[in-house]
Amino acid sequence: MKINKKKFIYLISPNKITKDFYKNLKLVLETKKVSFFQLRLKKYSLNQKILIGKKIKKICIDYKIKFIVNDDPWLTRKLNADGC
């Protein structure tokens, strides 16, 4: 009996989001090997997390990637993320 195990990549944001991050994220997601992206920002204000999260969520939608927020159910709901 053959068991089909689907493999996936779970990508986690770096601690610092630079200007080039969004372009590089798109390049990685174009490979179609990433299934999940987790927003994990510890040293940003809530407003900064919302702005960054909205940009990343749009990219995730464009590439059909699940968007997850780390440790913050309120932000998860605010961004309408796929999970927390």
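Predicted model: local features only at pLDDT ≥ 70, side-chain atom pairs only at ≥ 80, totals over all residues.

Please look at Lys42, which is partly exposed, with a relative accessible area of 46%. With which residue does the side chain of Lys42 meet in a salt bridge? The partner is Asp71, with an N to O distance of 3.0 Å. This pair links distant parts of the chain, 29 residues apart: Lys42 belongs to the loop between β2 (34-39) and α2, and Asp71 to the loop between β3 (66-69) and α3 (73-78). Asp71 has a relative accessible area of 58% and is therefore exposed, the cut-off being over 50%.

A search of the whole structure finds two salt bridges. Lys58 and Asp62 also form one, their closest N and O atoms lying 3.2 Å apart. Both of these residues sit in helix α2, four residues apart, or about one turn of the helix. Lys58 counts as exposed, at 52% relative accessibility, whereas Asp62 is partly exposed at 47%.

Let us turn to the helices. The axis of α1 (residues 21-29) and that of α2 (residues 46-62) come within 11 Å and cross at roughly 25°. Because angles under 35 degrees count as roughly parallel, α1 and α2 are described in that way. The crossing of α1 past α2 is right-handed.

Finally, the surface. Phe8, Tyr10 and Ile12 form a nonpolar patch there, with about 290 Å² of accessible area together. Of these residues, Phe8 lies in the segment before β1 (9-12), and Phe8 is partly exposed, with a relative accessible area of 47%.

Notes: Residues numbered from 1 in each chain as written. Heavy atoms only, no water. Patch = residues over 30% accessible without salt bridge, like charges linked within 9 Å, V, L, I, M, F, W, Y side chains within 5 Å. Areas by Shrake-Rupley, 256 points an atom, 1.4 Å probe, with all protein chains shown as cover. Salt bridge = Lys/Arg side-chain N within 4 Å of Asp/Glu carboxyl O. Helix = DSSP H or I, 4+ residues; strand = E, 2+ residues; numbered from the N terminus. Buried < 20%, exposed > 50% of the residue type's maximum accessible area, 1.4 Å probe, protein only. Axes fitted to C-alpha atoms, helices over the stretch in contact; angles between N-to-C directions. Parallel < 35°, antiparallel > 145°, perpendicular 65-115°, else oblique. Left-handed = near helix turned anticlockwise from the far one by under 90°.
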